[in-house]
Amino acid sequence: MSTITAEFERSAYSITVTNPAGGTVTASLSSASEGDKVNLSYTVNSGYIFRRFIVRKTSDNSEVSVINGSSLEGQEAWYFNMPGSNVTVTAEFAPAHAITVSNPENGSITAPASAAAGDTVQFTVGANSGYEVKDCTVTKTGDSGVSVSTSFILNAPNGKVYSFTMPDYPVTVSARTELKVCPITWNTADCTVNGPAQGHIGDEITFSVTPSDGYRVRTISVNGETVYGIVRTAVSGNVYTYKMTLQGSCTVNVECDNEDNAGFLITKELGQRANVSVTNSAGEEITRAEGGEAVTIKLLNQDIIDYHGNTSGNVFYPTGTDPYTGKDRKLLSGNDTFTMPFCDMTVQAVGVAQIYNLTVASDIQHGTITANSSTPAAGLTVELTITPDAGYMFESVTVDGQDVALYVDEGDNNSYIYIFTMPGHDVNVSAVFAILYKITYELDGGRFEGVRYLSYLASTETFTLTEPTRDGYTFAGHGRPTRTR
């Protein structure tokens, strides 16, 4: 008995590539079986753009679907699945026309570099800060009299988007921008305001306020917040003229108060020994000033210095924001004129105590004295560290000629500390160090119970030695001392 095995092979179909004008086409296979994946690629000639691949069955000339897999992760860019038929592969290339961009003076245009006739072209026109897009045009390059119809699509974050259908010739895209119009709304109370209804960002707007009888300007705010950049430029009778710079659309609130309460409070916070005057343009001492009014702060005692001996007493810190820098004010001169902001303000004059000299005697021998400051201010805590040389001990330490008691520095067994409060005058410090004599005991089997002297100075007064004890014995007295140094 015999077994006959049948073998079959998948049918292979041919792939014929035809190169059209404008570029070349490449297929990854010259033949393939039904269902096989065939990758396609192209090279475009100068002056053309690629439109699409065309794959047709040879049997009936029907078109085979070509897939752009560039958006599918892990897929080739272009491919088709082989049908059960021979196929022809070609592509469509179209002549490309250049798109030239002519940017406006205060903006920019983003558009493709070229397109084929019949393509829908989108471009974006953006405006610089403070400007807006006025209009745009598309014309035949070299002949601005031939225009191409454009359509507005939408407002995007980076500008306005337009579109047009590409004609069969090159085009130039241009646009115009203009300063952005900012409407101004005026809200008033107990006054009338004469000002413009609109302006542009960056414009300096001047407006005048006429308070009702018995009233003066109290508050000016923009969009609900105080604007320190509003400056009062002139006063004529009861009419106040101001100027400000537009930052965008705004609502300006102007309120007045009766003359007794007009203006903002100026409070002084004075440090030690500090004194200042706050005056208006007439030189009168004031506790109130209107927003936009010129105010002068003057330091009255110029001799204030800090703990380090640097002249610094003429420093002020008015609260709020400087109308010109946008930062907290720090007036670094003793006489400064500034524009009163539209809010209450505190003037802080930071004063410090007078400093004095602490002098350590230069003739000290056999030890050192170190102070934590050589120019401490009155009231400052001063710390003296007294360190004898090896084999010596302090005999006396004086501050301004008066003996002082020391205590041991726990961080250094050979040093001593003295702390005092600096008085309002110069201070002199001195010390005397003497040889430290040691006492050695030979107890002949005895022992001490309690304190005993281990050293003394030449200036030490007479002292009594402690009597030692020994079991079974009676102490008969100390022998004659022997000097060892």
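Reader: How far is the sulfur of Cys-182 from the closest cysteine sulfur?

Author: First, the general idea. A disulfide is a covalent bond between the sulfur atoms of two cysteines. Here the cut-off is a pair of cysteine sulfur atoms within 2.5 Å. The sulfur of Cys-182 is 7.5 Å from the closest one, in Cys-250, and that is too far for a bond. A search of the whole structure finds zero disulfides.

Reader: Is Cys-182 buried or exposed?

Author: Buried means under 20% relative accessible area, exposed means over 50%, and partly exposed is in between (1.4 Å probe, protein chains only). Cys-182 has 1% relative accessibility, so it counts as buried. Cys-136 is buried too, with a relative accessible area of 11%.

Reader: What should I know about the model before I go on?

Author: This is a predicted model: local features need pLDDT of at least 70, side-chain atom pairs count only at pLDDT 80 or more, and totals for chains, interfaces and linings use all residues. Residues are numbered from 1 along each chain as its sequence is written, and side-chain values use heavy atoms, with hydrogens and water left out.

Reader: What is the mean pLDDT of the chain?

Author: pLDDT is the predictor's confidence in each residue, from 0 to 100. The chain's mean is 82, and 81% of its residues reach 70 or more. Over residues 302–333 the pLDDT is below 50. Where pLDDT is low, the predicted coordinates should not be read in detail.

Reader: Which residues have the most contacts inside the largest nonpolar core?

Author: In soluble globular proteins, nonpolar side chains tend to be buried together. A nonpolar core is a set of buried Ala, Val, Leu, Ile, Met, Phe, Trp, Tyr and Cys residues joined through side-chain atoms within 4.5 Å. The largest one has 33 residues; Ile-220, Tyr-242, Met-244, Val-252 and Ile-266 have the most contacts inside it. Strand E26 (residues 250–258) gives the most to this core, with four residues. Strands are DSSP runs of E, at least two residues, numbered from the N terminus. A second, separate core has 19 residues, including Val-382 and Leu-406.

Reader: In what order do the five strands of the open sheet stand?

Author: Strands of a sheet pair through backbone hydrogen bonds, either parallel or antiparallel. Two strands count as paired if DSSP finds at least two bridges between them. The order is E20-E18-E26-E22-E23, and the pairing is mixed. E20 (198–200) and E23 (225–226) stand at the edges with a single partner strand each, so one side of each has no neighbour in the sheet. E22 (residues 215–222) and E23 run antiparallel, joined by two bridges. There, Val-222 stands opposite Glu-225.

Reader: Which strand forms a hairpin with E13?

Author: E14 does, with two residues between them. Gly-142 in the turn has a positive phi of about 90°. The strands, residues 131–140 and 143–148, pair in the antiparallel sense over three bridges.

Reader: How many salt bridges does a search of the whole structure find?

Author: Side chains of opposite charge can pair when their charged atoms come close. A salt bridge is a side-chain nitrogen of Lys or Arg within 4 Å of a carboxyl oxygen of Asp or Glu. The search finds eight. In one of them, Arg-176 pairs with Asp-135, the closest N and O atoms being 2.5 Å apart. Arg-176 lies in strand E17 and Asp-135 in strand E13, so the pair ties together parts that are 41 residues apart in sequence.

How values were computed
Contact means heavy atoms within 4.5 Å.
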